[in-house]
Every structure is written in structure tokens, then in C-alpha cells.
Amino acid sequence: MKVVICILQHEVEIEVEHEEQIIEIKRKIEQHLGIAMSSQTLSIFGWELFDELYMKDYPMISEGTRIDLTIQGIHQNHHLILGQPNKIQILVKLSSKQHHHMEVERTEMVHSLKEKIHIIDGTPMKRMSLFFSGTELDDDYRNLSEYGVCEFSEIIVTHKAANRLGDGGGGELPSRKLSIVVQTSSSLLNGACIPLKLSDSSTVNDLRELLLSGKILPLDDYLFIHKQRIMRDCSSLRWHGVEDGDFLYVFKGTVSRGESSF
């Protein structure tokens with residue numbers, strides 16, 4: 001099948017196979033475009049594709065899928081010079097039913113985005129946490145582009161407990177029941193889909209124990225991935241931005257010093 005590699009203002013079609021690893025796709029890009037494999041980051045909708053996985057492990061990839069290519073070392077200003085607009089539209093999710101489309105600058109600081117959300121929602125900034133693809137945005141010194149936020153990215157807003165912060169209002173958001181689907185890799189249970197119901201306050205460890213204790217998965221080490229991000233064992237589904245109906249992907253492997261081992 002053919003996929004479209006998008007880089008800056010250019011698009012290049014390349015032929016790929018379902019059995020190919022992502023690292024092999026990068027090798028083809030290096031051959032076609034002369035861009036070193038070590039400098040390439042491939043993503044779909046801002047979600048990074050892992051070198052060790054195969055094209056078939058990403059069911060959203062099909063004929064004509066557009067895959068974004070980012071080159072390490074290209075400064076943000078280079079994007080602006082080539083005509084890419086600095087202003088982008090993002091979706092801010094304050095709750096499962098309250099969404100806002102906002103226009104921001106790619107280089108806007110996280111603190112500035114919190115100020116805008118405060119104006120809309122009224123939530124004190126010190127009680128506000130922002131998440132993108134399972135990663136909390138640190139408002140001390142980083143801007144949105146450094147987190148990979150791009151056009152139509154989805155930012156999830158959660159509220160910290162007031163009693164810890166001394167601002168005198170409200171508490172933690174109540175737990176919600178989620179219906180999720182755990183999708184195994186093709187080499188594990190032949191790519192089975194496992195529907196589950198869990199509280200959004202459940203941790204990834206809770207999910208792992210449920211699957212192992214019920215003998216749904218064989219005893220082994222596993223990684224869980226949500227929106228192309230490796231999930232943290234001790235963090236809750238809510239922390240990762242998991243919503244009702246979302247798919248979580250499970251692979252055999254471990255994480256060591258921030259890197260995955262498959």
C-alpha cells in the first residue's frame with residue numbers, strides 16, 4: 001500500500017508493507033529524501049510511531065494514510081519561514097461534555113494557555129493541569145510546540161484537589177466508569193480485542209492485575225500504550241487522558257530509564 005509522508009509543505013508517497021517495521025519506513029525515507037534515520041520522528045495526529053513496532057500494529061494506517069515527518073534540529077522559526085502559519089486551532093476538553101476550540105500560537109507558553117482557559121472556565125490556574133497525549137504540560141518554561149502540539153491537537157484539562165492547595169474550593173473530580181478496549185499486538189493472542197469496564201481512577205497497574213489475575217493475558221511483562229504514548233504504571237487512566245470508548249494497546253515488554261524494551 002502507499003502512504004503519504006508529510007514534511008513541512010511537501011508530501012511524498014512511498015510504498016510500504018503491513019509486515020514492515022517503522023524503522024524500515026525510516027530507512028526508505030532516508031533513501032528517498034536523504035534525511036538521516038536518527039533525525040526522523042514519524043507521527044499520526046501528533047502521536048509518535050515507535051521504531052520497534054510494525055505497520056500492522058497500527059490499525060489506523062491504511063492506503064493513503066498521511067504520516068507526519070519531523071526532523072530533529074530544525075528550529076521552529078524554519079517552519080515559519082517556509083510559510084507554515086504560526087497560529088493553530090486546538091480543542092480544549094474541560095469535561096466529557098464541555099469542549100472549546102481555541103486559537104493559539106505554536107510558540108505560546110503553557111502558562112499563557114492556562115490563563116486563556118481560566119478566562120473561559122474560571123478555574124484557578126494553580127488548580128489546573130493540562131495533558132496532551134498522556135503527558136502533563138509543565139508551565140514553568142516550555143511552549144506548546146516543544147510538546148508536539150499542532151493543528152487540531154486535543155488538550156485535556158483536569159483539576160487538582162483544593163484541600164492540598166489551600167484555595168478553599170471544591171475537591172477532586174468524582175470517578176467515572178469507562179468502557180475501554182484493550183487491543184493486543186498481532187503476536188499476542190492474534191490481535192484480540194478485550195472490552196473492559198474500569199473506573200477512570202484505576203491505575204495502569206490495576207489494569208495489568210485485572211488482565212493477569214483473570215488469566216486473560218499470560219503471565220509476562222507488558223507495556224500499555226494510549227494514543228501512541230507509553231502509559232505509566234502508577235498513573236490513573238484519567239491522568240493519561242483516557243476517555244470512554246478509547247483503545248489501549250498492549251505489547252510484551254518493559255520500560256527502563258524512560259525507554260521501551262520490546
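Reader: What is the average pLDDT of the chain?

Author: This is a predicted model, and its chain averages a pLDDT of 79, with 83% of the residues scoring at least 70.

Reader: And where does the pLDDT stay under 50?

Author: One such stretch is residues 74-84, for which the model has 13 contacts beyond four places in sequence. Over residues 163-172 the pLDDT is also below 50, and that stretch has 18 contacts in the model beyond near neighbours in sequence. Where pLDDT is low, the predicted coordinates should not be read in detail.

Reader: OK, changing topic: which residues touch the most other members in the largest nonpolar core?

Author: That core has 24 residues, and the ones touching the most other members are Val3, Leu42, Leu49, Met55, Ile61 and Ile67. At least two core residues come from each of strand E1 (2-7), helix H1 (22-33), strand E3 (40-44), strand E5 (66-71) and strand E15 (247-252). In terms of domains, both domain 1 (2-71) and domain 3 (177-252) contribute at least three residues to this core.

Reader: What does Leu49 touch, leaving out residues up to four places away in sequence?

Author: Leaving those out, Leu49 touches Ile22, Leu42, Ser43, Ile44, Tyr58, Ile61, Ile67 and Gln228.

Reader: And which residues belong to the other core?

Author: The other core lies apart from the largest one and has 19 residues, among them Leu188, Leu196, Leu217 and Leu237. As a general matter, in soluble globular proteins nonpolar side chains tend to be buried together.

Reader: How many cavities of 30 Å³ or more does a search of the whole structure find?

Author: The search finds one cavity of that size, and the largest cavity has a volume of about 40 Å³. The residues lining the largest cavity are Leu53, Asp57, Tyr58, Ile225, Gln228, Tyr249 and Phe251. Two of these lining residues, Tyr58 and Gln228, are also touched by Leu49.

Reader: Is Phe152 buried or exposed?

Author: Phe152 is exposed, because its relative accessible area is 66% and the cut-off for exposed is over 50%.

Reader: And where is Lys215 found?

Author: Lys215 is found in the loop between helix H5 (204-213) and strand E13 (222-226). Its phi is near 55 degrees, again a positive value in a residue other than glycine, and at 75% relative accessibility Lys215 counts as exposed.

Note on methods:
Residues are numbered from 1 along each chain as its sequence is written. This is a predicted model: local features need pLDDT of at least 70, side-chain atom pairs count only at pLDDT 80 or more; totals for chains, interfaces and linings use all residues. Side-chain values use heavy atoms; hydrogens and water are left out. A nonpolar core is a set of buried Ala, Val, Leu, Ile, Met, Phe, Trp, Tyr and Cys residues joined through side-chain atoms within 4.5 Å. Buried means under 20% relative accessible area, exposed over 50%, partly exposed in between (1.4 Å probe, protein chains only). Helices (H or I, at least four residues) and strands (E, at least two) are DSSP runs, numbered from the N terminus. Domain bounds come from an automatic or database domain assignment. Contact means heavy atoms within 4.5 Å. pLDDT is the predictor's confidence in each residue, from 0 to 100. On a 1 Å grid over the protein atoms alone, a cavity is a set of points where a 1.4 Å probe fits but cannot get out, and a pocket is an open set with protein on both sides within 12 Å along at least five of seven lines; lining residues have an atom within 4 Å of a point. Grid points are joined across faces, edges and corners, and a volume is the space filled by probe spheres set on the points.
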